[in-house]
Amino acid sequence: IILVIGGAYVANQQRIPTPPTVTPQPSPTPDETADWKTYTNARQKFSFQYPNNKKVEINEKVTRTDHCTGRSIETQILIYPADYVESEIETHFAGDLSIDIIVVDNTNNLSPIDYLKEHCPQLFSESKIASQTNIQVDATSAVRIIYRNVMAEQMEVVIPQHGKLYFIHGFGYSLLQRLFDQILSTFKFLPASPTGGNNQPS
């Protein structure tokens, strides 16, 4: 009798299913740019997003030219702390971060590096370059360059698209590199079309 009962007990134990192992899933990283505002430049076929919690000044009538390309700056974005007042915004470097976007024709289909070597030899030299990295911007190959600067670290991304080169200059201290990268991650190219359009923030 004991053997029968013991055998029945073992049999029942063998039929008890082992509870499945549950592997905890990591929480998704929130998209900090999800509620940002969008600026669209229909004439030069690009858009980007910028923070809601910043004071942003977008200037499409910049009088100065880029010291390297000699072209007028297409769009200048100045980003300030939310508690800034207009009277405090006095200089080009007064804000948290300044971004200039310059668009030049690339009729010879030069790579970003070849264009810089040909047109900007005084700037594009080993003594002035801190780092050079190949990156992707909106699924397009681009190059990111960080120049040495006493006042601030100057960042530049050059992207070939639509038969042009898009120069995105970021002026600001290295601690603002994350904000620059976030804005850059939202940069999108618009489909090419024969007609232009109005530039607008939204």
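**Close-ups of strands and salt bridges**

**View 1. Asp181 and Arg144 meet through their side chains in a salt bridge, 2.4 Å from N to O.** A salt bridge here is a side-chain nitrogen of Lys or Arg within 4 Å of a carboxyl oxygen of Asp or Glu. This one ties together distant parts of the chain: Asp181 sits in helix H3 (residues 177-185) and Arg144 in strand S7, 37 residues apart. Helices (H or I, at least four residues) and strands (E, at least two) are DSSP runs, numbered from the N terminus. Arg144 is buried at 9% relative accessibility, while Asp181 is partly exposed at 29%. Buried means under 20% relative accessible area, exposed over 50%, and partly exposed in between (1.4 Å probe, protein chains only). Keep in mind that this is a predicted model, where local features need pLDDT of at least 70, side-chain atom pairs count only at pLDDT 80 or more, and totals for chains, interfaces and linings use all residues. Residues are numbered from 1 along each chain as its sequence is written, and side-chain values use heavy atoms, with hydrogens and water left out.

**View 2. Lys164 and Asp105 form another salt bridge, with their closest N and O atoms 3.0 Å apart.** Again the partners come from distant parts of the chain: Lys164 belongs to strand S9 (residues 164-172) and Asp105 to strand S5, 59 residues apart. Lys164 is partly exposed, at 23% relative accessible area. Asp105 is partly exposed too, at 45%.

**View 3. Lys188 and Asp138 pair up in a salt bridge of 3.9 Å, N to O.** Lys188 is in strand S10 (residues 188-189), and Asp138 is in the loop between strand S6 (129-137) and strand S7 (140-147), 50 residues away. Lys188 counts as partly exposed, with a relative accessible area of 39%; so does Asp138, at 29%. The count of salt bridges comes to 4.

**View 4. Strand S5 (residues 97-105) is mostly covered, with 8 of its 9 residues buried.** Strand S4 (residues 75-80) runs antiparallel to S5, and 5 bridges join them. Two strands pair if DSSP finds at least two bridges between them. Look for Leu78, which stands opposite Ser98 in S5.

**View 5. Stepping back, the protein chain has 3 helices and 11 strands.** Buried residues make up 39% of its 202 residues. Among contacts (heavy atoms within 4.5 Å) with a separation of 6 or more, 53% are between residues 24 or more positions apart.
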